[in-house]
Amino acid sequence: SMPAGLLAGGICALAGTLVLSAILAKLVDMEVIPQDKIGYGIMVLLLLCAFLGANVACGRIKRQYLIVSAISAGIYFVVLICITALFFGGEYSGVGVTAMLVLCGSLLAAFARSGKGEGRKRRKTRARNG
């Protein structure tokens with residue numbers, strides 16, 4: 001069903017965000033990634049997690065990939081905004097960039113899913129005599 005698929009996609013996106021955030025923090029702590037490049041890491045993290053969440057949602061629902069991925073992007077974005085309001089005192093800096101990254105990641109999942117089909121089937125036509 002659609003709600004269960006969207007819930008699974010949202011949970012996977014959020015879990016991916018938490019895991020990849022911890023990995024990014026560890027890499028910055030070990031000085032593998034310089035602190036001034038952490039913004040690029042966060043951008044990649046958001047793109048990957050949005051892709052993961054939409055891919056899981058589209059995989060469970062198996063129809064209407066574009067709509068499902070757009071709804072998945074909306075759910076993930078609202079969760080990120082709620083986390084920002086809860087833990088960071090509502091400092092909404094970079095919301096536009098975040099929204100674009102989440103939407104692009106989710107749409108990439110929709111287009112990747114829709115390209116896996118068998119394609120259009122052509123009907124053989126016979127030449128008319130006469």
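Colleague: Where is the place of Q64?

Modeller: A word on the source first: this is a predicted model, in which local features need pLDDT of at least 70, side-chain atom pairs count only at pLDDT 80 or more, and totals for chains, interfaces and linings use all residues. Residues are numbered from 1 along each chain as its sequence is written, and side-chain values use heavy atoms, with hydrogens and water left out. Helices here are DSSP runs (H or I, at least four residues), numbered from the N terminus. The place of Q64 is in the loop between α2 and α3 (65-87).

Colleague: And what is the phi of Q64 near?

Modeller: Q64 has a relative accessible area of 45%, and it is partly exposed because that value falls between the limits for buried (under 20%) and exposed (over 50%), with a 1.4 Å probe and protein chains only. Its phi is positive although Q64 is a residue other than glycine, and the value is near 50 degrees.

Colleague: Is E31 buried or exposed?

Modeller: E31 sits in the loop between α1 and α2 (38-61). Its phi is also positive in a residue other than glycine, near 60 degrees. With a relative accessible area of 70%, E31 is exposed.

Colleague: Which helices do the buried residues of α2 pack against?

Modeller: α2 has 24 residues and reaches 34 Å from first C-alpha to last, close to the 34 Å expected at 1.5 Å a residue, the expected span being 1.5 Å times one less than the number of residues. Its buried residues include L45, C49, A50, A54, A57 and I61. α2 is followed by K62, whose phi is positive, near 60 degrees. The buried residues of α2 pack against α1, α3 and α4.

Colleague: Which residues does S106 contact, leaving aside neighbours within four places in sequence?

Modeller: S106 lies in helix α4 (residues 95-114). S106 counts as buried because its relative accessible area is 1%. Contact means heavy atoms within 4.5 Å. Leaving aside those neighbours, S106 is in contact with A50, F51, A54, S69 and A73.

Colleague: How many Å apart in space are L6 and A73, C-alpha to C-alpha?

Modeller: L6 is found in helix α1 (residues 2-29), and at 10% relative accessibility L6 counts as buried. Not counting residues up to four places away in sequence, L6 touches A57, I61, V68, I71, S72 and I75. L6 and A73 are 67 residues apart in sequence, and their C-alpha to C-alpha distance is 9.8 Å.

Notes. Helices (H or I, at least four residues) and strands (E, at least two) are DSSP runs, numbered from the N terminus.
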